[in-house]
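Please open the model beside this note and follow the points in order. They take up ring pairs, charges over rings, and then strands and a helix.

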Amino acid sequence: MSGTRIRHAELQHLASQLSERDWAIVRFLSQHRYATTVQIRRIFFADHASQSAATRACVRVLGRLLTHRLLTRLDRRVGGVRHGSAAFVWGLDVIGDRLIRAGGDTKLRVHEPSSAFLTHILAVTEVHVQLHEAATSDAFSLKLVQVETEAWRTYIAPHGLSTILKPDLMVSVSSDEYDDHWYLEVDLGTESLPVVLRKCRGYEEYRRTGRAQTEHGVFPRVLWVVPSPARVTRLIAAIAAEPSLPDRLFTCITPQELISTMRNPL
């Protein structure tokens, strides 16, 4: 199976040979587009006796999925060559995409993403990985994680045109004390505050439609995960200065505050 053409019977045979973990990895990369070796190891190989053993097992499995064209590996590495195989970035390849589509024709076009796009995608993936790790340690239960297009919602804006709300993630968590729903925005500090505020206004427009309240019972909070305390301060001030934006709709944090915010929502 050296090429990308594979008959349906061959595809079914390949699918039957995959373990539950193989399937989970393929689905995860279909959901997120890209993840590093380390991120995949932390979610799917956390039960090994040591990190080095987990890394070896992870690299072995990813190599096998690469050989079968379920996964592809980008030319660039995160952290440089000195990090070895742990620095590889993985994505779905055409055979993996066909399996996800239950044998249908693939629409996937494998290419090297831009540096800015990849950095953002991996930052979103990292949020999911951290939430998974926290849920595994019983910090809370992770009930739902939707990524990008799955998390997007269509609505009619005040000007009458169909508009799409595009959070990076939609997350539902729960504990004995609470059930919380969040729209997450992973901000790398590359967008100007006017652009960020425009997106905030989109959330307020969507809140006014009542569609999310019908879906969840309440309107989810919007969590901005930004790279620095200074960015947090500027964003909070900008939202507070915007008359049309209710302050309590938005929470702004750094990545280091993610799990504590989910565990102890205000």
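1. Start with a cluster. Ring pairs link Tyr-155, Tyr-183, Tyr-203, Tyr-206 and Phe-219. Rings of Phe, Tyr and Trp (its six-membered ring) pair if their centres lie within 6.5 Å; planes under 30 degrees apart count as stacked, over 60 as edge-to-face and the rest as tilted.

2. A word on the source. This is a predicted model, where local features need pLDDT of at least 70, side-chain atom pairs count only at pLDDT 80 or more, and totals for chains, interfaces and linings use all residues. Residues are numbered from 1 along each chain as its sequence is written, and side-chain values use heavy atoms, with hydrogens and water left out.

3. The structure holds six aromatic pairs. In one of them, Phe-88 and Trp-90 have ring centres 6.2 Å apart and planes at 80°, so this pair is edge-to-face. Phe-88 is buried at 11% relative accessible area, and Trp-90 is buried at 2%. Buried means under 20% relative accessible area, exposed over 50%, and partly exposed in between (1.4 Å probe, protein chains only).

4. Tyr-183 and Tyr-203 have ring centres 5.5 Å apart; their planes are at 40°, so the pair is tilted. Tyr-183 lies in strand β8 (residues 179-186) and Tyr-203 in helix α7 (residues 193-209), so the pair ties together parts 20 residues apart in sequence. Helices (H or I, at least four residues) and strands (E, at least two) are DSSP runs, numbered from the N terminus. Tyr-183 is buried at 0%. Tyr-203 is buried, also at 0%.

5. Now the charges. The charged end of Arg-73 sits over the ring of Phe-88, 4.2 Å from its centre. Lys-166 lies over the face of Trp-152, 4.7 Å from the ring centre. The rule: NZ of Lys or CZ of Arg is within 6 Å of the ring centre and within 35 degrees of the ring normal.

6. Which residues cover the two faces of strand β10 (residues 250-253)? Phe-250 and Cys-252 lie on one side, Thr-251 and Ile-253 on the other, and all are buried. Strand β9 (residues 221-225) runs parallel to β10, joined by four bridges. Strands pair if DSSP finds at least two bridges between them. Val-222 stands opposite Phe-250 in β10.
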